[in-house]
Amino acid sequence: MKEKYLKPQFETSDKGLLARAPAKVNLSLLIADKRPDGYHNLETLMAKITLYDEMLFETDKEEGIELVCNGLWSPAGEDNLVYKTCRLFYDAVNTEPRIKLTLTKNIPAGSGLGGASSDAATVLLALNKLYNQSIDSSKLHKLAGQLGSDVAFFLNGPLAVCTGRGEKVSKVDKKLPFAAVLVLSDINTSTKRVYGNFKEDLELFSSLSGQIKAHISKNRVDLVQKMCANMLAKTSFALDNELALLKKEIQEITKLPVLLSGSGSALFMILNAGQYREAEILQREIANSRGCNSIIVFDNEW
Ligand code: C5P
């Protein structure tokens, strides 16, 4: 069943280059101290999943950057991170832009699934492909760091531990096959607001970090998600009662650990890769008792 969900990163057609930007989930998210630059130091295990935004790049265009957005969540103006990323790329290669980009959003904004960051990373990768890899990997990572904390993760993957403010990526070579039921409510969480209200707990951070490192060093990444270690969850739930209630109810319905991705609002449950039927049953139960939209995803392979 997974094969039906897995899509390639790039496809070339006579229309142009089609690139896919996968969403991510945080299998763990530990927050340490606030830094002088206002960001927080963190340690997170992230996995890409088979939910994709799509972007079509057409280069035989007039001078400039033309951005067309399909879907509900994306402003088509110069404020869009995709637009800013195009500009940054063309400045870096010292070339006048000549590109039309059609972005189809499937990853909801404000969900903690990294859609905007993944779009930005995918623009860098796709333009670099179209311009014959003119930017090397270390420069690409530097540009990614300027665009957002999570962007560098999406340049590689599909499974990595990220530290610093999120931009230091250490790939985990072990495969972690899973299926997940992803609950997408219409609650929109502000990451900035959640971090702004977060109360530091360095003791908890070190204890969870020790346990997670031990699991990873023993090649048991599968045990990390079972800890439900997301240190932003308490703050996200305290700030949004509707989200707290939704999590509680989903837990009661499914009798499974329910994780929050990033600062939310996406909630998810991890199953074994072969448990597609079970995932469908959970999906139906959630729809029947909460009328809530959920989708089935798998670990992404690239
Ligand atoms: O880097 P990004 O734009 O994704 O971050 C959004 C906001 O989340 C930042 O403005 C900051 O307030 C907060 N943040 C943080 N520490 C991090 C990452 C994000 O405080 N490591």
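Me: A polar contact is a pair of N or O atoms within 3.5 Å; within protein, one atom must be able to donate a hydrogen and the other to accept it, and residues adjacent in sequence count only if both atoms are side-chain atoms. How far from an oxygen atom of the ligand does a polar side-chain atom of His40 lie?

Reply: This is a predicted model, in which local features need pLDDT of at least 70 and side-chain atom pairs count only at pLDDT 80 or more, while totals for chains, interfaces and linings use all residues. Residues are numbered from 1 along each chain as its sequence is written, and side-chain values use heavy atoms, with hydrogens and water left out. For His40, the distance is 2.8 Å. An N or O atom in the side chain of Ser149 lies 2.6 Å from an oxygen atom of the ligand. Arg165 contributes a polar backbone atom, 2.9 Å from a nitrogen atom of the ligand.

Me: How much of the ligand does the protein bury?

Reply: Accessible areas come from the Shrake-Rupley method with a 1.4 Å probe; for residues, only the protein chains shown count as cover. The ligand taken alone exposes 460 Å², and the protein buries 76% of that.

Me: Which residues surround the ligand?

Reply: A residue is near a molecule or strand if one of its heavy atoms lies within 4 Å of it. Here the ligand is surrounded by Gly38, Tyr39, His40, Leu42, Gly148, Ser149, Arg165, Thr191, Lys192 and Tyr195. Domain bounds come from an automatic or database domain assignment. Domain 1 (2-171) and domain 2 (178-298) each give at least three residues to this shell.

Me: Which element supplies the largest share of the shell around the ligand?

Reply: Helices (H or I, at least four residues) and strands (E, at least two) are DSSP runs, numbered from the N terminus. H5 supplies the largest share, 3 residues.

Me: What is the phi of Asn132, and where is the residue placed?

Reply: The phi of Asn132, a residue other than glycine, is positive, near 55 degrees. Asn132 is placed in the loop between helix H3 (115-130) and H4.
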